[in-house]
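Hi,

Here is the structure I promised to pass on to you. Could you have a look at it alongside my notes?

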Amino acid sequence: MDRKWFSYHWRVRYHETDQMGVVYHANYANWFEIGRTELIRELGIPYSEIEKRGLLIPVTRLEIHYRHPAKYDDLVEIRTAIASCTNVRIAFDVEIARDGTVLAEGATHHVWVNREWRPVRLDKVYPELYALIKSQCS
């Protein structure tokens with residue numbers, strides 16, 4: 001199956017830059033989060049609804065490879081795809097691009113947990129969301 005990339009555009013804000021005039025490296029992790037929450041929203045379920053059901057997906061691994069700097073007022077594209085999924089885990093691939101040039105790329109890995117931080121099977125506790133995710137999973 002071909003990977004389905006979701007796109008979200010973001011204008012770099014001044015406070016996201018450092019003294020060198022480029023986006024501070026930690027902001028890319030924030031953009032990765034924006035990408036995955038907007039992807040899930042695009043599937044039809046806002047992340048707030050997932051949390052109302054007592055589910056969380058904490059990051060267990062984060063990878064970012066920086067290629068080119070983003071700067072203040074750049075319009076960047078956050079491209080996110082579900083890289084892999086099981087009934088307990090999910091991983092996302094992310095690219096941050098400007099005018100077609102990839103500035104940074106990476107991945108986040110997560111585990112589905114309940115409010116007590118115990119792993120849960122998404123197919124059992126939220127089968128509708130699991131079906132949506134599985135339909136996009138590579």
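This is a predicted model: local features need pLDDT of at least 70, side-chain atom pairs count only at pLDDT 80 or more; totals for chains, interfaces and linings use all residues.

Residues are numbered from 1 along each chain as its sequence is written, and side-chain values use heavy atoms, with hydrogens and water left out.

Let me start with the cysteines. Searching the whole structure turns up one disulfide (a pair of cysteine sulfur atoms within 2.5 Å). The bond runs between Cys85 and Cys137, with an S to S distance of 2.3 Å. Cys85 belongs to strand 4 (residues 75-85) and Cys137 to the segment after helix 4 (127-136), so the bond ties together parts that are 52 residues apart in sequence. Helices (H or I, at least four residues) and strands (E, at least two) are DSSP runs, numbered from the N terminus. Cys85 is buried at 10% relative accessibility, and Cys137 is buried at 9%. Here buried means under 20% relative accessible area, exposed over 50%, and partly exposed in between (1.4 Å probe, protein chains only).

Next, helix 1. After helix 1 comes Gly44, with a positive phi near 115°.

Ala26 sits in the loop between strand 1 and helix 1 and is partly exposed, at 35% relative accessible area. From Ala26 to Tyr130 it is 30 Å, C-alpha to C-alpha, and 104 residues in sequence.

Finally, some backbone angles to check. Most residues other than glycine have a negative phi. Asp99, which is not a glycine, has a positive phi of about 50°; this residue is in the loop between strand 5 and strand 6 and is exposed at 78% relative accessibility. Trp117, also not a glycine, has a positive phi of about 65°. Trp117 lies in the loop between strand 7 (113-114) and helix 3 (122-125) and is exposed, with a relative accessible area of 54%.

Best wishes
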